[in-house]
Amino acid sequence: MQFTASTQATQESQLFVCTHSDQITDETAKIIANTLTRKEIFGTAAIPVSGSLKHIAVVYLADLQVETMQKAAKEAAAWAQKQVSLSINLHPFCNLNTPLVTQALVAALGEAVYRFDAYKKEPNPAKLQSVEFVHPERSEMIKDTLSRAEALLYGVNLCKDLANTGSNICTPTYLAETAAREAQAVGAEAKILGSDYIRENMPSFWGVAKGSVQEPKLVELRYFGAADKSIAPIVLVGKGLTFDSGGISLKPGEGMDEMKYDMCGAATVIGTFIAAAKAKLPINLAVVVATCENMPDAGAAKPGDVVKAMNGTTIENLNTDAEGRLVLCDALTYVEQNFTPKAVIDVATLTGACIIALGNVASGLMGNDQDLVDALLQASRNSNDKAWQLPLFPEYKEQLKSNFADLQNIGGRPAGTITAATFLAHFAEHYHWAHLDIAGTAWKSGVAKGATGRPIPLLMQFLVEQTER
Ligand SMILES: [Zn+2]
């Protein structure tokens, strides 16, 4: 879809955005706005003009909170996707709010027209082809906003495409090669390490990967956007289980197809990285993705196995379905050995317990540095991509004590999200670290089944705010 900025509306279908009906000069739109109550945020009418219909719609914002804007933008987008082209009139908005309204609309329109039809004989694309944002004085400002908003949308769509693709196609190799290709296309560096490196150096990761015929990959992406290349980077780490059967601790069959989404952490950090690089954020950023399958092949890890992780910690594998932390712990050590990071944020569909705690509304957030956690919470509020902090009290370490190794990989049912993060914290002691558990937020089940692209909006907002500090 094409987004442009203009000083004058040129399309037949028109959307007017306002906070008060007096702001609207178009007579039809004004009538629609006047019929809306404070509770209604969207109205539309079709008026006949020389044999065809002219579509007019109004979005009425009760306030300028990001949540209000996003809700209204979603309603408008449901209507807009049925138009072929559209002018959006933003003239009531000031310097501060024009970018915010534009951003909310681009995200909502992008979401409304997103399809994953690549494997259908008859694709069903949205009608909407082009959107023009109109402001008599601020079209240059809108142009700047659009380039960042489109970069974000690109990252979100890339994440969704990777996540929605079946695991027979989106293998670790496919995921790694797509990440490298996308990174190189935006002028970033990419490195892929395969089974030789992982077997030799990352034994806990290898212990999970060796149960599958698919080769595991470790992907490293580096983008130098800061004026000084030597400035410590923010490193995003992603869990990339392209399919999680549970391994020998096999999952039940129902809904198992959704375990193709166990790579959403990887897709999220790749999408965020590409969005940040496309938007040319003045920041040094890196991504480390550990990707493999968790399968019950003959070589698979078994309950009771003990492995020595990359940093020398021994781990008793009590449940092969708690494999994400076994992969991530070595990825976190890899980061320690290969970077001097400003901060490390790992993103993972890590625990079903997170869905019990926070449902599908908020991502679980934990970390060893409250300033970093606070910055992420701030970005979460500013993007309305919800996250909620859970504690990492030292008492939780008790649940990870093993009779046969330094740690065990499960801590029982109580506080499952926290004990998983407590496990990871053991491998992240030497830098500022935060962890996002996105098991409840990365994809939707049921009729709306599909990847959400979350929490890319949160992470992108965090990165932008880092550049503004
Ligand atoms: Zn699992």
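Two strands pair if DSSP finds at least two bridges between them. Helices (H or I, at least four residues) and strands (E, at least two) are DSSP runs, numbered from the N terminus. Residues are numbered from 1 along each chain as its sequence is written. The model is predicted: local features need pLDDT of at least 70, side-chain atom pairs count only at pLDDT 80 or more, and totals for chains, interfaces and linings use all residues.

**Stop 1**

β7 is joined to β8 (residues 217-224) by 5 bridges, and the two run antiparallel. Find L193; opposite it in β8 stands L218.

**Stop 1**

Axes here are lines fitted to C-alpha atoms, for helices over the stretch in contact, and angles run from 0 to 180 degrees between N-to-C directions.

**Stop 1: α9 with α12**

Show α9 (residues 324-338) and α12 (residues 416-425). Their axes are 9 Å apart, at an angle of about 30°. The two helices are therefore roughly parallel; the cut-offs are under 35 degrees for roughly parallel, over 145 for roughly antiparallel, 65 to 115 for roughly perpendicular, and oblique for the rest. The crossing is right-handed. A crossing is left-handed if the near helix is turned anticlockwise from the far one by less than a right angle, and right-handed if clockwise.

Turn on side chains. From α9 come R325, L328, C329 and L332; they meet A420, F423 and L424 of α12. Contact means C-beta atoms, placed from the backbone, within 7 Å. By class, this contact has 6 nonpolar, no polar and 1 charged residues. Ala, Val, Leu, Ile, Met, Phe, Trp, Tyr, Cys and Pro count as nonpolar, Asp, Glu, Lys and Arg as charged, and the others, Gly among them, as polar.

**Stop 2: α13 and its partners**

Select α13 (residues 456-468) with α11 (residues 370-383). They pack at about 115°, with axes 8 Å apart. That makes α11 roughly perpendicular to α13. The crossing is right-handed. On the α11 side, pick A375, L376, Q378, A379, S380, N382 and S383; on the α13 side, P457, L458, Q461, F462 and E465. The contact divides into 6 nonpolar, 5 polar and 1 charged residues.

The axes come within 10 Å and cross at roughly 145°. This crossing is right-handed too. L152, G155, V156 and C159 of α4 meet I456, P457 and M460 of α13. The classes here are 6 nonpolar, 1 polar and no charged.

Next, select P455, in the loop between β19 (450-451) and α13. A cis peptide bond joins R454 to P455, with omega about 0°. Most residues other than glycine have a negative phi, and most peptide bonds are trans.

**Stop 3: a hairpin**

Go to β3 (42-49) and β4 (52-60), with S50 in the loop between them. The hairpin has 2 residues between its strands, and S50 takes a positive phi near 35°. β3 and β4 run antiparallel, joined by 8 bridges. A45 stands opposite I56 in β4.

L15 has A57 of β4 as its bridge partner.

**Stop 4: the two domains**

Colour the chain by domain: domain 1 is 2-134 and domain 2 is 153-468. These bounds come from an automatic or database domain assignment. The C-alpha centres lie 36 Å apart.

Terms used
Two residues are in contact if their C-beta atoms, placed from the backbone, lie within 7 Å.
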